[in-house]
Amino acid sequence: MLNENIKAIRKSKGLSQQELAVKVNVVRQTISKWEQGLSVPDSDLLIALSEALETPVSTLLGENVVESEADTVKAISERLEIINLQFARRKAHRRAALHWSLIIVCGIIVALFAVLLVVSSPYLGWDYSTPETAVMGVAIHTFEWGFVRLAPFALIAALVGVFLTRKKV
């Protein structure tokens, strides 16, 4: 809601992100992040933003209620806290999804190694006099050769990723 309001009011005032950034004394990318909902301005920047857009803070936050000064600051604080909690939850969810995806990748790599060990290159005993068998044997050998050489690096990278994305207690 905040991000949509910032963008709509900025456009209605005919300002570019760069022009607004200069008025608020931040970089253009900060304005872009606010408008995309990737971050939110802190209370000081929110006040500066409302002054630059000549709009009340309550309008930026989506409220049309006239409140006393103390209530307004408290309401802004509560809204920003809710938005920050939503960002934190979203970040934690993405981190958990990445963590489990990397664990799955590790499992797939280990399973493929196990299959290759159990199968033990059966194509080496094939009769390569027919073109279909020869092509299939070369394709399987190419996969096995590439997998055995590249999978350890992928496994190490995935394990490092699992370690880095683990939930810190």
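Modeller: Helices here are DSSP runs of H or I with at least four residues, numbered from the N terminus; axes are lines fitted to C-alpha atoms over the stretch in contact, with angles from 0 to 180 degrees between N-to-C directions. On the α1 side the contact (heavy atoms within 4.5 Å) uses Asn3, Ile6, Lys7 and Arg10, and α3 answers with Trp34, Glu35 and Gln36. By class that's 2 nonpolar, 2 polar and 3 charged residues, where Ala, Val, Leu, Ile, Met, Phe, Trp, Tyr, Cys and Pro count as nonpolar, Asp, Glu, Lys and Arg as charged, and the others, Gly among them, as polar.

Keep in mind that this is a predicted model: local features need pLDDT of at least 70 and side-chain atom pairs count only at pLDDT 80 or more, while totals for chains, interfaces and linings use all residues. Residues are numbered from 1 along each chain as its sequence is written, and side-chain values use heavy atoms, leaving out hydrogens and water.

Now the charged pair: Glu35 forms a salt bridge with Arg10, with the closest N and O atoms 2.4 Å apart. The term means a side-chain nitrogen of Lys or Arg within 4 Å of a carboxyl oxygen of Asp or Glu. This pair links distant parts of the chain, with Glu35 in α3 and Arg10 in α1, 25 residues apart. By that rule the count comes to 2 salt bridges.

Helix α3 (residues 28–36) also packs against α2 (residues 17–24), at an angle of about 110 degrees and with the axes 8 Å apart. That makes α2 roughly perpendicular to α3. Here Gln17, Gln18, Leu20, Ala21 and Val24 in α2 meet Arg28, Ile31, Ser32, Trp34 and Glu35 in α3. These residues divide into 5 nonpolar, 3 polar and 2 charged.

Terms used: Helix = DSSP H or I, 4+ residues; strand = E, 2+ residues; numbered from the N terminus. Parallel < 35°, antiparallel > 145°, perpendicular 65-115°, else oblique.
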